Amino acid sequence: MDAVVERMFFANNPFEEVRKRTELNGLQKLKETIRLNQADEAGTNMTIQSIPLTRNPKLLAEMIESNRRTITPYYRELLEEGNCDGSIHTEYAEEIAELMPLLTGLWLLPS
């Protein structure tokens with residue numbers, strides 16, 4: 001299931017779509033990426049279907065690690081861009097980048 005979700009993500013990667021948008025600053029790109037990700041019905045449905053699997057601590061930990069490995073670098077890039085252009089002010093880009101997949105991937109689910 002993890003491989004399917006990863007393939008779906010890379011086929012419709014909101015970070016790559018937003019990366020090209022030069023009219024947006026780092027914070028705007030971050031917001032747009034989250035909006036696009038939440039609007040992806042197929043990805044959201046796949047995540048919702050996987051919720052029962054998260055009751056298994058090992059599977060949940062593997063899902064979190066996969067998200068950290070795949071998505072965290074994208075969030076770090078946007079946070080650092082925001083720090084550089086002044087739209088974001090944080091000394092904790094790495095820590096926030098690791099937290100964002102949890103917030104956007106699990107906490108913001110419609111279910």
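Residues are numbered from 1 along each chain as its sequence is written. In this predicted model local features need pLDDT of at least 70 and side-chain atom pairs count only at pLDDT 80 or more, while totals for chains, interfaces and linings use all residues; side-chain values use heavy atoms, with hydrogens and water left out.

Reader: How many salt bridges does the structure hold?
Author: Side chains of opposite charge can pair when their charged atoms come close. The criterion here is a side-chain nitrogen of Lys or Arg within 4 Å of a carboxyl oxygen of Asp or Glu. Counted over the structure, the salt bridges number nine.

Reader: Which helix holds both Glu 16 and Arg 19?
Author: Their side chains meet in a salt bridge, 2.8 Å from N to O. The two residues are three apart, about one turn of the helix. Helices are DSSP runs of H or I with at least four residues, strands are runs of E with at least two, and both are numbered from the N terminus. The helix that holds the pair, residues 14-19, is H2.

Reader: Is Lys 29 buried or exposed?
Author: Buried means under 20% relative accessible area, exposed over 50%, and partly exposed in between, with a 1.4 Å probe and protein chains only. Glu 81, whose side chain meets that of Lys 29 in a salt bridge, has 25% relative accessibility and so counts as partly exposed. Lys 29 has a relative accessible area of 6%, so the class is buried.

Reader: How many residues apart in sequence are the parts tied together by Lys 29 and Glu 81?
Author: The salt bridge between these side chains spans 2.9 Å from N to O. Lys 29 lies in helix H3 (residues 26-39) and Glu 81 in helix H5 (residues 57-85), so the pair ties together parts whose separation in sequence is 52 residues.

Reader: What is the N to O distance between Arg 69 and Glu 65?
Author: Both residues lie in helix H5, four residues apart, about one turn of the helix. Arg 69 is partly exposed at 48% relative accessibility, and Glu 65 is partly exposed at 31%. Their side chains meet in a salt bridge with an N to O distance of 3.9 Å.

Reader: Which side chain makes a polar contact with the side chain of Asn 13?
Author: Asn 13 is found in the loop between helix H1 (2-11) and H2, and is buried with a relative accessible area of 8%. A polar contact is a pair of N or O atoms within 3.5 Å; within protein, one must be able to donate a hydrogen and the other to accept it, and residues adjacent in sequence count only if both atoms are side-chain atoms. A polar atom of the Asn 13 side chain lies 2.8 Å from the backbone nitrogen of Phe 15. The side-chain partner, at 2.9 Å, is Tyr 74.

Reader: Which residues do ring pairs link into a cluster?
Author: Rings of Phe, Tyr and Trp (its six-membered ring) pair if their centres lie within 6.5 Å; planes under 30 degrees apart count as stacked, over 60 as edge-to-face and the rest as tilted. The whole structure has two aromatic pairs, one of them Phe 15 with Tyr 74, stacked at 4.8 Å centre to centre with 20 degrees between the planes. Phe 15 lies in helix H2 and Tyr 74 in helix H5, so that pair ties together parts 59 residues apart in sequence. The rings of Phe 15 and Tyr 75 have centres 4.9 Å apart and planes at 90 degrees, so this pair is edge-to-face, and the cluster consists of Phe 15, Tyr 74 and Tyr 75.
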